[in-house]
Amino acid sequence: MRTLSLLGATGSVGASTLDLVRRQPGTWGVRALTAHSNAAELARLAREFSAEVAVIADETRLPELRAALSGSGIAAAGGAAALVEAAARGADLTVAAIVGCAGLAPTMAAIEQGGIIALANKEALVSAGEVMIAAVATHGATLLPIDSEHNAIFQCLAGNDPAHVRWITLTASGGPFRDWPWERLCAATPAEAVRHPNWDMGAKISVDSATMFNKGLELIEAHHLFPVGLDRLRIIVHPQSIVHSMVEYRDGSTLAQLGPSDMRVPIASALAWPRRMDTPCEPLDLAAIGELTFRKPDEERFPATRLAREAAQAGGAVPAVLNAANEVAVAAFLDGQIPFTRIAAHVENVLNAYAPPPPACLTDVLAVDSEARARALQLTLSVG
Ligand code: NAD
Ligand code: MG
């Protein structure tokens, strides 16, 4: 039996992960399962998978979690520190599937235990960048990307020398608004933004896909995971989401990874790594799909990828500021406080006004994150 901890068990990636774990009885011993505030669902999952501990981030829900787990022998804990403690128990494999920078401290605690970290929580890597990559090296941890594009690149790089890479090309669906003119974008509603054409995901990443901040964050994520140089990373819009990303080598060979738009494929590749496992996903029927198309991104309507590239170029604390401002702006948009097209404008304003020195450790990153959030919130209140 291999041990597994799942940070963010009640989310979309969490559900896909547990679906695969459920199909491999006797393979996984579940250590920690965590959630933000849904105590009933967390307790149900903890019982189903006989977890050692269940942790609820929102401490006010701890009594509810305790009650729901009574008599099960499963430990219950609550609060941000308990989340970190649960991750610090270590496991052969930790799936980091919390959304946002809220997942950073527990992910770092798991890295410090030196196991395999299957990373979905891109905001953590974007914010902590060098600090996280250094911790991975120091503690001998293994970072396996399960973001579909990075998992594709990881697979396409296998067995090849990164020095021979000419281009890494991240594919982007373009989101639900890819063909919308600016005037229509200005009036886009939260309900329209979370209705992604190809993927079924949490609300935050769905809005990020609509603004293209998701691809911007992924560009920064790729920059840290695959250090071939920013000038070798590019983005192409591919509306069908079948080619999940590509690597072109110096000899002109391009390797691509294809698959259905189902997160269970990249998650399975991390769970079984370096082997393979079965998934229940439909086999790819290219004849039925018929056409795979590609086009250039439009940074006039969707400035997020430009902002992210500039943040990656600047390095240091800048990506953490970009991420924090985006998290606040997305929440404000979902809450009806700002229009869709103000999300990128907000992020750009915060980036222009706040340039802290490069963070040297996790505490520094968290301080930058919290100051950038405060400024973004202030901006939301002042300009709406
Ligand atoms: P989600 O909103 O569906 O789930 C998020 C999980 O994190 C839930 O379990 C929630 O309880 C927990 N959580 C939320 N806020 C928290 C907090 N403050 N403290 C502790 N826990 C908290 O999100 P998701 O779509 O599953 O995405 C999770 C991560 O994976 C994100 O970083 C996202 O960018 C990335 N990702 C998701 C997909 C996808 O298909 N959903 C694909 C690629 C990458
Ligand atoms: Mg992705």
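**Strands, metal site and cores**

Reply: To begin with one pairing in this predicted model, S245 has Q257 as its bridge partner in β11.

Me: How many bridges join strand β10 to β11, and do they run parallel or antiparallel?
Reply: The pair S245 and Q257 is a bridge that involves β11. Strand β10 covers residues 243–249, and its strand pairing with β11 is antiparallel, with the number of bridges being five.

Me: Which strands stand at the edges of the sheet of four strands?
Reply: This open sheet has the order β9-β8-β10-β11, and its pairing is mixed. Two of its strands have a single partner strand each, so one side of each is left without a neighbour; they are β9 (233–237) and β11 (254–258).

Me: Which residue stands opposite A54 in β4?
Reply: Strand β3 (residues 53–56) pairs with β4 in the parallel sense, over four bridges. The residue in β4 opposite A54 is A76.

Me: Which residues of strand β6 point the other way from I116 and A118?
Reply: In a regular strand, side chains alternate between the two faces of the sheet. Strand β6 spans residues 116–119; I116 and A118 point one way, and all four residues are buried. The residues that point the other way are I117 and L119.

Me: What is the bridge partner of L119 in β7?
Reply: β6 is joined on one side of the order to β5 (residues 93–96) by four bridges in parallel, and T94 stands opposite I117 there. β6 also pairs with β7 (residues 142–145) in the parallel sense, again over four bridges. In β7, the partner of L119 is P145.

Me: Which helix makes a right-handed β-α-β unit with β6 and β7?
Reply: β5, helix α5 (residues 104–111) and β6 make one right-handed β-α-β unit. β6 and β7 belong to such a right-handed unit as well, and its helix, residues 122–138, is α6.

Me: Which residues coordinate the magnesium ion (ligand 2)?
Reply: The donors follow the spacing D-x1-E-x68-E along the chain. D147 lies in the loop between β7 and α7 (148–157) and E218 in helix α11 (residues 213–225), so this pair ties together parts that are 71 residues apart in sequence. Both D147 and E218 are buried. At 2.0 to 2.2 Å, the coordinating residues are D147 (OD), E149 (OE) and E218 (OE).

Me: Which residues have the most contacts inside the largest nonpolar core?
Reply: In soluble globular proteins, nonpolar side chains tend to be buried together. The largest nonpolar core here has 88 residues, and helix α15 (residues 318–334) gives the largest share, 10 residues. Those with the most contacts inside the core are F177, L322 and I343.

Me: Is N326 buried or exposed?
Reply: N326 belongs to helix α15. Leaving aside neighbours within four places in sequence, N326 is in contact with K204, D208, F213, L217, I343 and V347. Its relative accessibility is 0%, and because buried means under 20%, N326 counts as buried.

Me: What is the phi of M212?
Reply: Most residues other than glycine have a negative phi. M212, in the loop between α10 (203–211) and α11, counts as buried at 5% relative accessibility. M212 is not a glycine, yet its phi is positive, at about 80°.

Me: What is the relative accessible area of S50?
Reply: S50 lies in the loop between α2 (39–48) and β3. Its phi is near 45°, a positive value in a residue other than glycine. S50 is exposed, and its relative accessible area is 56%.

Me: Which residues does a cis peptide bond join?
Reply: The loop between α12 (264–272) and α13 (286–289) holds P274. The omega of the cis bond is about 5°, and the residues joined are W273 and P274.

Conventions:
Residues numbered from 1 in each chain as written. Chains lettered and ligands numbered in written order. Predicted model: local features only at pLDDT ≥ 70, side-chain atom pairs only at ≥ 80, totals over all residues. Heavy atoms only, no water. Buried < 20%, exposed > 50% of the residue type's maximum accessible area, 1.4 Å probe, protein only. Pairing = 2+ DSSP bridges. Right-handed = clockwise from strand over helix to strand, strands pointing away. Donors = N, O, S within 2.8 Å, 3.2 Å for Na, K, Ca; no water. Core = buried A, V, L, I, M, F, W, Y, C linked by side-chain atoms within 4.5 Å. Contact = heavy atoms within 4.5 Å.
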